[in-house]
Amino acid sequence: MTYLRRRYHAPGTSPGTYDVAHTREAESSSVAAVDYSANTLAQVEDPRQLGQPVDGSVRWVRITGHPSLDVLESLRSAFDIDPLVLEDIVNSGQRPKVDFFDDALFVTLAVPGASAEHPFQQLSIYVTGNTLISHVAGEQGLFAPLMKRLQQPQSHLRRADVYFLLYAIIDLAIDHLFPLLDDLGNRLEALEDEILTDPTQALLGEVHQLRNTMLVLRKVTWATRELLSELLRALDSDQAELVRRYLQDSYDHIVSAVDLVETFRDMATSLIEVHLSVISNRMNDIMKVLTIIATIFIPPTFLVGVYGMNFDRTAGPWSMPELSWPFGYLIVMGIIALMMTTMLIYFRHKRWL
């Protein structure tokens, strides 16, 4: 399982370069913008001609898909975005982080995706003035809950500043982790029962895959926790003081996610040990049964081996006279059955069976 589909620049490329081959390709992308305040909510007619809102409202610019070079250039000119930010947007697969600039901040997050092939996608957020720019390559409906809240005039989101929108998006990304963690936890519990019942190689392979997923989630959750710690230390101005309480709540959520990831990671590791232990115990049981069977047949084998030797009955009275007995075969078979029965009773008494 991969973390994100990582894009790279060619070695030696100058820092801040975002004019690369995949930005010049005709890739599908869309740009939408909305201005909102406590009393207004309006779609921006031409998102390409953007800038800071003039009436004090909050502007949210949403970019989905892989933006072309023209889109990136228009954003840079409209909001004076640092080329390093555009480079990180273009080169997806960044570790969750926050970068601070003179009058802006840039946040990257990892959001669980909808497909197993690409389980995580990068969410980029740039905040400057009263404007927030978000970019995500897929998941067109990722922001649907927030857009629904914006439709409600009495919602806290409509009456708060741009930092509250930043918090709402971060909280949304963290909330998407918990359904994934619930599914992983349920699958680990089911795997434990299946391994104890029938420990196959397919189950061991699935446990290894889940363990790798936990390693990825561990990187994501720990990096997100560091991100929120930096934000809580940095957002101490009067305008951001209100949102710090909500960011602290998000921090508590990501700490819970970290605890779950660590717990599930330990469970996955222990399941590997349980699988090996069950296999080993089954092998011991098989070897014990085979050893008992071999032990039971040792005395009969010795007995029939003795009577399998060639003796001349006319050589003397001690030259195996039993060979001339009319019921010699039945007597030998009875002795063999008696020895085997006696040994089985002894093994059962010793609780070896």
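1. Asp-35 has Arg-59 as its bridge partner in β3. The two strands concerned, β1 (residues 29-36) and β3 (residues 58-65), run antiparallel and are joined by eight bridges. Another pair across these strands is Ala-33, which stands opposite Val-61 in β3. Helices and strands here are DSSP runs, H or I of at least four residues for helices and E of at least two for strands, numbered from the N terminus.

2. A word on the basis: this is a predicted model, in which local features need pLDDT of at least 70 and side-chain atom pairs count only at pLDDT 80 or more, while totals for chains, interfaces and linings use all residues. Residues are numbered from 1 along each chain as its sequence is written, and side-chain values use heavy atoms, with hydrogens and water left out.

3. On its other pairing, β3 runs parallel to β7, with six bridges between them; here Ile-63 stands opposite His-135 in β7. β3 is mostly covered, as eight of its eight residues are buried (buried means under 20% relative accessible area, exposed over 50% and partly exposed in between, with a 1.4 Å probe and protein chains only).

4. The whole sheet is open and has seven strands in the order β2-β1-β3-β7-β6-β5-β4, with mixed pairing; two strands count as paired if DSSP finds at least two bridges between them. β2 (41-43) and β4 (97-100) stand at the edges with a single partner strand each, so one side of each has no neighbour in the sheet. From one strand to the next, the twist averages 15 degrees. Angles run from 0 to 180 degrees between N-to-C directions, and axes are lines fitted to C-alpha atoms, for helices over the stretch in contact.

5. Which helices lie across β4, β5 and β6? One is α3, which lies across β4, β5 (104-112), β6 (120-128) and β7 (131-136) and runs at about 160 degrees to β6. Another is α8, which lies across β4, β5 and β6 at about 30 degrees to β4. Contact, throughout this note, means heavy atoms within 4.5 Å.

6. Please look at the stretch around Asp-80. This residue sits in the loop between α2 (69-79) and α3 (83-90), and its phi is near 55 degrees, a positive value in a residue other than glycine. Is Asp-80 buried or exposed? It counts as exposed, because its relative accessibility is 66%.

7. Helix α6 (residues 162-175) and α7 have axes that come within 4 Å and cross at roughly 10 degrees. They are therefore roughly parallel to each other (under 35 degrees counts as roughly parallel, over 145 as roughly antiparallel, 65 to 115 as roughly perpendicular and the rest as oblique). Ala-173, Ile-174 and Asp-175 of α6 meet Leu-177, Phe-178 and Pro-179 of α7. By class, this contact has five nonpolar, no polar and one charged residues. Nonpolar covers Ala, Val, Leu, Ile, Met, Phe, Trp, Tyr, Cys and Pro, charged covers Asp, Glu, Lys and Arg, and the others, Gly among them, count as polar.

8. The axes of α7 (residues 177-197) and α8 (residues 201-234) come within 11 Å and cross at roughly 155 degrees, which means that α7 is roughly antiparallel to α8. The α7 side of the contact includes Leu-180, Leu-184, Leu-188 and Leu-191, and the α8 side includes Leu-203, Val-207, Leu-210 and Met-214. The residues of this contact divide into twelve nonpolar, two polar and three charged.

9. Phe-264 lies in helix α9 (residues 238-307) and counts as buried because its relative accessibility is 12%. Leaving out residues up to four places away in sequence, Phe-264 touches Leu-181, Gly-185, Leu-188 and Met-214. Phe-264 and Arg-211 are 53 residues apart in sequence, with 8.3 Å between their C-alpha atoms.

10. For the overall picture, the protein chain has ten helices and seven strands. Of its 353 residues, 42% are buried. Among contacts between residues at least 6 apart in sequence, 67% join residues at least 24 apart.
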